[in-house]
Amino acid sequence: MSAAPRIRPATLDDEDALGRLDRDTWSTLHAVMPRPRPPYEPFYSERFGPRDHIVAELDGRTAGYIRLGFPTSLACNAHVRQILGLAVADEARGAGVGRALLRAACDEARGQGARRITLRVLGHNLPARGLYASEGFVVEGILPGEFLLDGVYVDDVLMGRAL
């Protein structure tokens, strides 16, 4: 794979590839929803469409995506954006895809007028937490034992940073 991912806005044509990527990368390391089973729900929904996603490509193939949205529907919270999903293809790990997507999401949020960006990550997802910390995100709160995954209680960690 090439060294630098190509980052671009998602399109309607990305739906199948993003849905497949989401299913292929599913793991209790980062997912709290049950493993997807056929028939699969569409990747895009009434709530999240192409406008909410940024795609990474390596060598012309979909290598990852990030979903950016609002943490709430409140007008008093409209200055904050939240990363609501991030997936990187297994074969693209270590190629800078996650970092490039994070930076693109921060740029997009800033361009939308946001002053802060937040995300939630499972406490045991140390690779993701390390990436987020290296990009300036700090732990702002922890909900201990918030999720029961594979018989283990897992913390939900809120991280954020100023834009």
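Is aspartate 52 buried or exposed? Aspartate 52 is buried, with a relative accessible area of 13%, where buried stands for under 20% relative accessible area, exposed for over 50%, and partly exposed for what lies in between (1.4 Å probe, protein chains only). The structure is a predicted model, in which local features need pLDDT of at least 70 and side-chain atom pairs count only at pLDDT 80 or more, while totals for chains, interfaces and linings use all residues. Residues are numbered from 1 along each chain as its sequence is written, and side-chain values use heavy atoms, with hydrogens and water left out.

The side chain of aspartate 52 meets that of arginine 51 in a salt bridge, at 3.7 Å from N to O; a salt bridge here is a side-chain nitrogen of Lys or Arg within 4 Å of a carboxyl oxygen of Asp or Glu. Arginine 51, at 60% relative accessibility, counts as exposed. By this rule the count comes to ten salt bridges.

Another of these bridges joins glutamate 135 and arginine 99, with 2.5 Å from N to O. This pair links distant parts of the chain, 36 residues apart, since glutamate 135 sits in the loop between α3 (126–134) and β6 (138–149) and arginine 99 in helix α2 (residues 97–111); helices (H or I, at least four residues) and strands (E, at least two) are DSSP runs, numbered from the N terminus. Glutamate 135 is buried at 11% relative accessibility, whereas arginine 99 is partly exposed at 31%.

Arginine 120 and aspartate 156 form a further salt bridge, their closest N and O atoms being 2.1 Å apart. Because arginine 120 lies in strand β5 (residues 116–122) and aspartate 156 in strand β7 (residues 152–162), the pair ties together parts that are 36 residues apart in sequence. Arginine 120 is partly exposed at 48% relative accessibility, while aspartate 156 is buried at 5%. Not counting residues up to four places away in sequence, aspartate 156 touches several residues, among them Arg120, Gly141, Glu146 and Phe147, contact meaning heavy atoms within 4.5 Å. Elsewhere, salt bridges that share partners join Arg6, Arg8, Asp14 and Glu57 into one network.

Asparagine 125 caps its N-terminal end, a side-chain oxygen lying 3.2 Å from the backbone nitrogen of alanine 128. The buried residues of α3 are Ala128, Leu131 and Tyr132. Seen down the helix axis, these buried residues fall within an arc of 95°, so they line one face of α3; the arc is that of the directions from the helix axis to the C-beta atoms. They pack against β4 (80–88), α2, β5 and β7. After α3 comes glycine 136, whose phi is positive, near 95°.

In soluble globular proteins, nonpolar side chains tend to be buried together. A nonpolar core is taken as a set of buried Ala, Val, Leu, Ile, Met, Phe, Trp, Tyr and Cys residues joined through side-chain atoms within 4.5 Å. The largest such core has 35 residues, of which Ile83, Val97, Tyr132 and Phe137 touch the most other members. The elements that give two or more residues to this core include α1 (15–24), β2 (53–58) and β3 (61–69), and α2 gives the most, with seven residues. Leaving aside neighbours within four places in sequence, isoleucine 83 is in contact with residues including Ile66, Leu68, Leu102, Ile117, Leu119 and Phe137.

Key. A polar contact is a pair of N or O atoms within 3.5 Å; within protein, one must be able to donate a hydrogen and the other to accept it, and residues adjacent in sequence count only if both atoms are side-chain atoms.
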